[in-house]
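Here's a quick tour for anyone new to this one. Take a look at the model first, then read on.

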Amino acid sequence: MQYEIDTWPELARLATESPEAGIHFQDTVIYNRDKDVDSSTGQWFAELTKRDPWFKDTVPNFKILPKEALPAGVDSATSFTSVCINTALYLPWLASQCLKNGVLIKRGILTHITDAVKLHHSGNKADLVLNCTGLSSANLGGVEDKTVFPARGQIVLVRNEPGVMLDVSGTDDGDDEATYIMQRAAGGGTVLGGSFQKGVWESQPDPNLAMRIMKRSVDICPALTDGKGVEALSVVRHAVGLRPLRTDGIRLESEKIDDTWVVHSYGHAGYGYQTSYGSAQVAVKLVGAALAERAKL
């Protein structure tokens with residue numbers, strides 16, 4: 001929670017001041033169905049769908065929607081202003097900020113975390129390694145964190161623009177299926193989701209799941225197609241992503257591995273963007289402390 005609280009101001013600043021970053025504000029509606037409480041998706045969205053969530057005093061315009069405003073089958077709902085990120089713009093923008101500040105970006109193949117020490121641009125050994133390898137932390141030598149596993153997410157990207165970001169606590173199609181609609185900034189299309197399939201590594205889209213995603217989306221948000229149904233969706237592409245879950249949550253800590261100081265920052269599951277700046281602030285402090293400890297040796 002604290003990571004998210006510390007991240008919100010920077011995302012809001014970028015949405016206000018840096019349109020080139022691909023972030024914009026979105027009116028957001030969250031629908032909760034009480035029957036989803038024990039489902040995989042319901043547990044994933046548990047904090048988001050609360051009537052009194054922690055973020056009510058963080059994001060602007062938070063309110064509880066009246067019963068008469070709820071669609072059939074929905075037991076409660078909230079609305080607020082959030083942000084949506086066009087990652088196709090945001091990730092290159094982040095890379096450009098690194099380059100502007102003197103960071104050198106290189107590719108390499110590692111079998112052990114300490115191999116990274118040899119990749120410093122100077123030819124000398126690096127003082128410290130920051131491990132942000134996500135799912136790869138499960139098998140990377142020196143880390144091999146077996147509590148890391150994927151949660152498969154499948155989405156459909158469409159050109160239709162609903163004008164709202166929307167989440168539902170669960171579906172009637174499966175314990176690990178979800179409904180969410182996110183209109184990206186700067187013409188990035190609208191993401192229709194989804195799924196939360198724990199332990200599933202399959203990288204190819206399932207056409208049957210895709211059809212269920214599209215049907216659920218137009219049912220809960222008819223504005224997507226002006227009431228014309230699934231046939232009126234303009235599909236850009238189908239995609240699959242593997243969220244890097246970790247049984248005990250985010251790992252943010254330092255340790256010494258074979259005389260190399262390593263700061264770990266992984267296991268951010270499906271909330272990497274919304275915890276990013278808060279996590280980075282902690283990582284910076286850990287790096288400073290590890291370097292200070294190294295200097296004593």
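Helix α4 (residues 207-220) gives the largest share of the lining of the second largest pocket, five residues. This is a predicted model, where local features need pLDDT of at least 70 and side-chain atom pairs count only at pLDDT 80 or more, while totals for chains, interfaces and linings use all residues. Residues are numbered from 1 along each chain as its sequence is written, and side-chain values use heavy atoms, leaving out hydrogens and water.

**The pocket**

- The lining splits into eight charged residues, five nonpolar and four polar (Ala, Val, Leu, Ile, Met, Phe, Trp, Tyr, Cys and Pro count as nonpolar, Asp, Glu, Lys and Arg as charged, the others, Gly among them, as polar).

**Helix α4**

- With 14 residues, α4 reaches 20 Å from first C-alpha to last, close to the 20 Å expected at 1.5 Å a residue (the expected span is 1.5 Å times one less than the number of residues).
- Its buried residues (under 20% relative accessible area, 1.4 Å probe, protein chains only) are Leu209, Ala210, Ile213, Met214, Arg216, Ser217 and Val218.
- Those buried residues pack against strands including β5 (148-158) and β10 (235-246), with contact meaning heavy atoms within 4.5 Å.

**Helix α1**

- The 16 residues of α1 (residues 2-17) should span 22 Å at 1.5 Å a residue, and the end C-alpha atoms are 24 Å apart, which agrees.
- Glu4, Thr7, Trp8, Leu11, Ala12, Leu14 and Ala15 are the buried ones in α1.
- Among the elements covering them are α3 (87-100) and α5 (272-295).

How values were computed
Helices (H or I, at least four residues) and strands (E, at least two) are DSSP runs, numbered from the N terminus. Buried means under 20% relative accessible area, exposed over 50%, partly exposed in between (1.4 Å probe, protein chains only).
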